[in-house]
Amino acid sequence: MLIKKPADIPSSEITSKSVYLNRRRFIAGAAVAGAAAATAFAFRELGSPSLVTQANAKIDGLQKSPFSTTETQTPFKDVSNYNNFYEFSTDKYEPAGLAKNFKTRPWAVTIDGLVKKKQELDVDAIIKMAAPEERIYRHRCVEGWSIVVPWVGFSLSELVKRAEPLSKAKFVEFTTLYDPKQMPGQRVPVLKWPYVEGLRMDEAMHPLALLCFGMYGEGLPNQDGAPLRIVIPWKYGFKSAKSIVRIRFTEEQPMNSWQLATPNEYGFYSNVNPKVDHPRWSQAKERRLGEFLKRPTLMFNGYDQVASLYSGMDLKKNF
C-alpha cells in the first residue's frame with residue numbers, strides 16, 4: 001500500500017482536527033491526517049471561549065439576522081483552533097496558541113483617503129455605532145475547506161456611510177496591524193506586510209458585508225481576527241481582513257496582499273466560483289470542518305443575493 005508523505009499532500013486535502021478526534025476508522029491516508037492533528041495536540045486545552053479570547057464577555061442585546069443560514073454551525077473548538085492567520089503562522093493549528101497574549105486594547109482604527117470625515121476611532125467606539133447582530137454565515141476557504149459561523153457585528157455600510165466617502169471613492173482598502181513583536185508570522189516574508197485587502201464600493205455597501213467584532217455570542221478570539229475584522233461570506237476567506245487598523249477609500253483598485261504575491265492564483269475579486277479552479281487544485285468541492293465527505297461548492301458560496309453586483313462581468317477573467 002502506498003502511503004503519502006505529508007509533503008505530498010496539498011493543504012486542500014488536510015482533514016480537520018475534529019474529524020481525526022471523532023472518527024478513528026479512516027481508510028487510506030488516515031495516518032497523514034492524524035499526523036496533522038497531532039501537530040496541534042498541544043493546543044487541545046484551548047477548546048473553550050474563556051481560554052481563547054481576551055475579550056470573552058458575552059455580547060448583550062444581540063439581534064437575529066434574516067441573512068443567517070439554517071445550516072448546522074461548525075463547533076467553536078474547530079473554528080477557534082484551525083485558522084488561516086499568516087500574521088501569526090502559516091500552520092493552521094498554531095495561531096490559537098501564538099495569539100493567546102495578543103493585545104487588542106487600546107486599539108485605534110484610522111479612516112482616511114477619499115472621505116469627508118477623516119478620523120481615528122477607538123475600536124470600542126466603532127463597536128457601539130450600531131446594534132449588534134448575530135449572522136450565521138457559511139464560508140469557503142480557497143484551500144477547499146468550509147465552516148458555518150455565528151458572527152457578531154453589523155453591516156459594514158454603517159461605518160462607510162459615517163465616513164462620508166467622496167464621489168471619487170470607488171474602492172475600500174483594509175490594512176491589518178503590523179507588529180512583528182506580537183505577530184511572529186510577520187518576521188518571515190511570506191507576504192509583503194502589513195496585510196492589505198480591498199473591496200469595490202458596492203461590495204462594501206452590500207448588506208451581507210459585515211463589520212465583525214464577535215462570534216458565538218462573545219468577543220472575537222485573537223486568532224479569529226480580534227478586535228475588528230470584516231466578513232465577506234460570498235468570497236474566499238482570505239478576503240475577510242482581520243485585526244484591522246486602517247480603512248482607506250481610494251479611486252484606484254487596491255493591490256491586495258495575495259494578488260501581489262501570486263497574481264495568477266489570487267485575483268482581486270476572489271468570489272467563490274466552482275467553475276474557476278485554483279491553478280493547483282479544483283474548487284468544485286469543499287470539505288466542511290468536522291465532516292469527512294466533501295460537498296459541491298456553490299456559486300457565490302450560495303449567496304445569490306450578490307449576483308447582480310457582477311452583472312455583465314467575465315468572472316473567469318475577473319477571478
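Predicted model: local features only at pLDDT ≥ 70, side-chain atom pairs only at ≥ 80, totals over all residues.
Two of them are set out here.

| Pair | Geometry | Centre to centre | Angle between planes |
|---|---|---|---|
| F76 and Y216 | edge-to-face | 5.2 Å | 90° |
| F171 and F268 | edge-to-face | 5.8 Å | 85° |

Let's start with F76 and Y216. F76 belongs to helix α4 (residues 76–79), while Y216 sits in the loop between β8 (210–215) and β9 (218–219), so their pairing ties together parts that are 140 residues apart in sequence. Both F76 and Y216 are buried.

Now for F171 and F268. This pair also links distant parts of the chain, 97 residues apart: F171 is in strand β6 (residues 171–176), and F268 is in the loop between α9 (257–261) and β12 (285–288). F171 is buried, with a relative accessible area of 11%, and F268 is buried too, at 4%.

K239 lies over the face of F268, 4.3 Å from the ring centre. Elsewhere, R138 has its charged end over the ring of Y303, 4.9 Å from the centre.

Finally, have a look at helix α7, which covers residues 156–163. Which face do its buried residues line? L156, S157, L159, V160 and A163 are buried in α7. Viewed down the helix axis, the buried residues of α7 fall within an arc of 160°, so they line one face of the helix. Just after α7 comes E164, with a positive phi of about 55°.

Technical notes:
Residues numbered from 1 in each chain as written. Heavy atoms only, no water. Buried < 20%, exposed > 50% of the residue type's maximum accessible area, 1.4 Å probe, protein only. Helix = DSSP H or I, 4+ residues; strand = E, 2+ residues; numbered from the N terminus. Arc of directions from axis to C-beta. Phe/Tyr/Trp six-rings, centres within 6.5 Å; stacked < 30°, edge-to-face > 60°. Lys NZ or Arg CZ within 6 Å of the ring centre and 35° of its normal.
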